[in-house]
Amino acid sequence: VLLVDDMEAVHKKLQRLMPQGVGLDCCLDGPASLAKSKDTTYRVVAVDMQIPNTDSVQLMQQLKMLHPKTAFVALCLRSQPAQEQQATEQGFQGVLWKPFDQDVVDDFLGRWLDQAEVFKVDGEVLVGAAYTGKDLDKYFAKCSAAARTGFEKVAAACFERAIVDLT
């Protein structure tokens, strides 16, 4: 996840609420986010709708040209609900409401991140992401589906026949 917001307090708050294992990079402005996006592909980019000296819609469009498969979400204040329709009309795929709380972050992750974030490869080790949210059954279902798919591909590449039991 890439967060583009001019307030470091927003960065710190979201970092505290993110589960271990879910990567979060933060940038204060458009140029920094463009530079970071040249080296990294993000599954989701959340852009504040009100960044000084930055046109958030133009920034989203520039980032989308670099990474067309990335989901773009607008950061909006709960006190300004009309921003959701405006953001959608401008090409954002959803909204992440500020100020954040654990439920908002859990809903955000559940909607925008899929099985690719459940496991990550660290060298030669497959590491499962820790989960601290409220819907543990949903998380375990994602783990099981991701593991089954991944293990079946690995087994098929290595063996003529393999049995995968994830019960």
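The cover over the buried residues of helix α3 includes β1 (2–4), α2 (30–39), β3 (44–48) and β4 (71–77). Helices (H or I, at least four residues) and strands (E, at least two) are DSSP runs numbered from the N terminus, and contact denotes heavy atoms within 4.5 Å. The model is predicted: local features need pLDDT of at least 70 and side-chain atom pairs count only at pLDDT 80 or more, whereas totals for chains, interfaces and linings use all residues. Residues are numbered from 1 along each chain as its sequence is written, and side-chain values use heavy atoms, with hydrogens and water left out.

The chain contains six helices and seven strands, arranged from the N terminus as β-α-β-α-β-α-β-α-β-α-β-β-α. Of its 167 residues, 38% are buried, where buried means under 20% relative accessible area, exposed over 50% and partly exposed in between (1.4 Å probe, protein chains only). The accessible surface is about 10,000 Å², and carbon and sulfur atoms hold 52% of this area; areas were computed by the Shrake-Rupley method with a 1.4 Å probe, and for residues only the protein chains shown count as cover. Among contacts with a separation of 6 or more, 57% join residues 24 or more positions apart.

Helix α3 spans residues 56–66, and its buried residues are Ser-56, Val-57, Leu-59, Met-60 and Leu-63. These buried residues fall within an arc of 160 degrees when α3 is seen down its axis, so they line one face of the helix; the arc is that of the directions from the helix axis to the C-beta atoms. At the start of α3, a side-chain oxygen of Asp-55 comes to within 3.0 Å of the backbone nitrogen of Val-57. A polar contact is a pair of N or O atoms within 3.5 Å; within protein, one must be able to donate a hydrogen and the other to accept it, and residues adjacent in sequence count only if both atoms are side-chain atoms.

The axes of α2 and α3 are 10 Å apart and form an angle of about 10 degrees. The axes are lines fitted to C-alpha atoms, for helices over the stretch in contact, and angles run from 0 to 180 degrees between N-to-C directions. The two helices α2 and α3 are therefore roughly parallel, a class that takes angles under 35 degrees. Gly-30, Ser-33, Leu-34, Ser-37 and Lys-38 of α2 make the contact with Leu-59, Gln-62, Leu-63 and Leu-66 of α3. Ser-33, located in α2, is buried at a relative accessible area of 0%. Beyond its neighbours within four places in sequence, Ser-33 contacts Leu-2, Val-4, Cys-27, Leu-59 and Leu-63.

Asp-5 is situated in the loop between β1 and α1 and is buried, with 0% relative accessibility. A polar atom of the Asp-5 side chain lies 2.9 Å from the backbone nitrogen of Met-7, and the side chain of Asp-5 also forms a polar contact with that of Lys-98 (2.9 Å). With neighbours within four places in sequence left aside, the contacts of Asp-5 are Val-10, His-11, Cys-27, Leu-28, Asp-48, Leu-75 and Lys-98.

Gly-23, in the loop between α1 (8–17) and β2 (25–27), is partly exposed at 49% relative accessibility.

In helix α5 (residues 102–112), Val-104, Val-105, Asp-106, Phe-108, Leu-109 and Trp-112 are buried. The N-terminal end of α5 is capped by Asp-101, with a side-chain oxygen 3.1 Å from the backbone nitrogen of Asp-103.

Definitions and conventions:
Parallel < 35°, antiparallel > 145°, perpendicular 65-115°, else oblique.
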